[in-house]
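Please load the model in your viewer and keep the selection panel at hand.

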Amino acid sequence: MKWETIFKRLLIIMSAILVLLIIGILITLIVQSMPSIKSLGIGFLWGKVWDPVQNIYGAYPFLIGTLLTSFIALIISIPFSYAISIYLGEYNPKGWLSNLLKNTIELIAAVPSIIYGFWGLFVLVPVIRIFEAKIGVAPYGIGVFTSSLILAVMIIPYAASLGITLIRMVPSPLKEGAYALGATRYEVIRSVIMPYTRSGLFAGVLLSLGRALGETMAVTMLIGNTSAIASSIKEAIFGPGNTMASVIANEFTEADHTVYLSALIELGLVLFFVTVIINFIGKRIITKFTNN
Amino acid sequence: MDARIGIRNTKSMLFKGVIVFFAFLITLPLIIVLLYIIKQGVTEVNWHFLTHVPAPVGETGGGISNALMGSLLIVLMSSIVAIPVGIMTGIYLSENPHTKLAYYSGLCVDILQGVPSIVVGIVVYFWIVKPLGTFSAISGSIALAIMMLPIVIRSTEQTLRLLPPSLKEAALSLGVPYHRVILKVIVPCGFAGILSGIMLSIARIIGETAPLLFTAFGNPYLSYSVTKPMETLPHLIYTYATSPYDDWHNLAWGASFILLMFVLLLNITTKLITRKWNIQL
């Protein structure tokens, strides 16, 4: 009898630890970013200058950098993740070729981001440099665009594997009905499968956005790490930049006074909230979708 | 009329062509990265490389034994922390799906899964590095353990949920105490699923760099002390890849090769296990 109660208690304690862990993370981030919140106020978020030497801190360059890299990556990744979802969900759901492709795509997510960053630095950067020289922008090689390309590859598996599952869940009577009316395969996909899975596929894109926002290492190695704001749109896309995650990775161990360190932690806090909210909305949509 | 059908059919064929093209095109980056790492890395790897610490700039030779040992030790320590907590939480979530605690703790697993790894690094820095006053292997392990938890929990929970309830009922009706039912009947039945979750989580954390930047930090020498900074494979790749020296780049290619092979091997083994036991993760 005694062991039974101990075991049950232990299970409850372990689950409670998890809740405490999240609360602890939140409290730590808030407490440690207090000095910066107090001295910089809410204007921190749209301050345009980040100059630790002069003690001026503005998060705007990093917010823009994070949004820009993530959204460019998202735009590049969407055709691929949708194509994979449709191909493996509808055209070719079974068989060795389908399995092979599915496993290969899952391996894309398994490769550590540091390896993508290293490879990008030595292989992709020279290629991009030639490309940039051709289209007439300053050939940095490293920069927002290069990071977005690598990010796009890294986030495709997340949206794709969810998309495959959801497209396979489309009830076949719906599809058969459309075929019976004489619809072609393309028409079935466009007017039956796509409307049916729209919200779920959107959730997949949201989850991959969450990944892209928080991705650190590959971006840190490829983005060029400058905190200046670009003067033109072309410069902003092809020139070097910085994201919230990359500036934390680069400057955290160098931050030598309280407000500097605390401003970096406040960036982490913002990142935490944004990714949590995006993930939460994504998961909500999926739960709703699979329950219906 | 016929012409219209022809157009529609052509459109359908064209669409399929585009889909197939995009679906297979994405394997290209993976293949290129793999081949490149293998080409650059495989020539570096030999016995000397695996058993020596990195050579200073200007000297040839040297290896990555410090990072290999460090990664091994840190992953081992993370597993010791994360696996029991993860499995027990997983059991609780699958056994009591409708309690308030299960709801909140399930929510926290979802949140934890989405937390960027760099944020985990910051938090562990304040929890362990600052009080101890030095970067340490133990703090790196805690950071990685936090990253491991959601994968272990979810795989345990989902595997145990798939087991037929009659299994538990049969054991309970024989008068077996609850903890013995769970530990001797339920967990062994879901063993393959739990194991593959653990392997996946190890494959995930062994390549994590961001949380280690402010915790385990890195160390150019071989160290076994858990309260001192320790080198790990991904951190070694990061430092040496961003250095200006060719010798160090070669060292980093060799380390990347080993890391990549390890991660891929773990993933493929997990795939084979899940296929053999027919587990859905």
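**A tour by selection**

Select chain A first: of its 292 residues, 47% count as buried, a residue being buried if 20 or more other C-beta atoms, placed from the backbone, lie within 10 Å of its own. This is a predicted model, in which local features need pLDDT of at least 70 and side-chain atom pairs count only at pLDDT 80 or more, while totals for chains, interfaces and linings use all residues. Residues are numbered from 1 along each chain as its sequence is written, and chains are lettered from A in the order in which they are written.

Switch to a cartoon of chain A, which shows 11 helices and 0 strands, where helices (H or I, at least four residues) and strands (E, at least two) are DSSP runs. The C-alpha trace of chain A spans about 75 × 70 × 30 Å along its principal axes.

Finally, colour chain B by domain, with domain 1 at 2-41 and domain 2 at 47-276, bounds that come from an automatic or database domain assignment. The C-alpha centres of these two domains of chain B lie 35 Å apart, and their contact takes 4 residues from domain 1 and 5 residues from domain 2.

Notes: A residue is buried if 20 or more other C-beta atoms lie within 10 Å of its own, exposed if 12 or fewer, and partly exposed in between; C-beta atoms are placed from the backbone. Two residues are in contact if their C-beta atoms, placed from the backbone, lie within 7 Å.
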